[in-house]
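Hi everyone, thanks for making time today.

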Amino acid sequence: MIKRTITGLALTAVLFLALWGGGLWFAVPCVITTSLSFYEMIRATVQAGHDPVQWPCWLCFALSIPLYHYYGSVALMMPLVGGTFMLISMTVIFRKEPKLEDITVSCLPLVSVLLPGMCMLGLQKAPGQMNQSMLLVLAFGVPLFGDTMAYFIGSHFGKRKLCPAVSPNKSIEGAAAGLGGSVIWSLATAGVFSAFVSIPPLWHFLVLGLLGGVAGQMGDLFASLVKRHCGIKDFSNIIPGHGGMMDRLDSVYWTAVIIYVYYNFAAHWFAA
């Protein structure tokens, strides 16, 4: 527990510096952590006995960074991922023993890691560094603070199981507390950043807290389902006391997608 706490504090400090610095200070760590999560997801499917087609996945990853930097749009990822899916499918189809599940697991890191990771980078396109920092604080804080609240309340008061077939330790009481924590974080973020930038009406942050909180918990359950299928406890042991990078960012990836999509629909509320 001590190791987990110390590592958690160190990760929080690094995250704070990345969000405060913005620009390359955030983009470089984001690409590194996304690539580690990408590798961990592929590795997990291999450990489960699958045979994913890896070279199109890594090619897609390698192309996504310069293309995003040049065009500045995550929307370009859709045809890129679509083309990668075709390459994966053709490779599996012409194998001696083609298996549909090998296509599925090959595409898994594309949609569960790469696209969300690019959404996090996409939040840096918001007008003004304060808006960028605010959106990224929401993307990380909403699921992580919600997870913290869910852990403490669930471990003490949790009685009814939330999804025992996937994650036996999660409770409905913990999930409710986690959702409340996500909303609190979102509203608190609005309060803090309102002192530095013109923010959207408060109800936007209530919606983001609710949607982001639900997405974060679903991302956590999704990662648990993957690990259960692959027969592993953690995606790796790269982070002492926490497991792998995917173990730490599973909920953040799902929430980042929600924040990115919501921002693009409500971009007119965000002023530089």
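At what angle do helix 6 and helix 8 pack, and how far apart are their axes? Helix 6, residues 129-157, and helix 8, residues 202-230, pack at about 55°, with axes 9 Å apart. Before going on, please keep in mind that this is a predicted model, where local features need pLDDT of at least 70, side-chain atom pairs count only at pLDDT 80 or more, and totals for chains, interfaces and linings use all residues. Residues are numbered from 1 along each chain as its sequence is written, and side-chain values use heavy atoms, leaving out hydrogens and water.

Helices are DSSP runs of H or I with at least four residues, numbered from the N terminus. Axes are lines fitted to C-alpha atoms, for helices over the stretch in contact, and angles run from 0 to 180 degrees between N-to-C directions. Angles under 35 degrees count as roughly parallel, over 145 as roughly antiparallel, 65 to 115 as roughly perpendicular, and the rest as oblique.

Helix 6 and helix 8 are therefore oblique to each other.

Helix 6 itself has 29 residues and reaches 40 Å from its first C-alpha to its last, close to the 42 Å expected at 1.5 Å a residue. The expected span is 1.5 Å times one less than the number of residues. There is a kink of about 30° at G141, shortly before the proline P143; the bend is the angle between axes fitted to the seven residues ending there and the seven starting there.

Helix 8 has another partner. Helix 7, residues 172-193, packs with helix 8 at about 140°, their axes 8 Å apart.

Now to another pair. Helix 4, residues 77-93, and helix 5, residues 100-122, have axes that come within 10 Å and cross at roughly 165°. They are therefore roughly antiparallel to each other.

Last stop: helix 9, residues 245-265. Where does helix 9 bend? The bend is at S251, by about 35°.

Methods: Helices (H or I, at least four residues) and strands (E, at least two) are DSSP runs, numbered from the N terminus.
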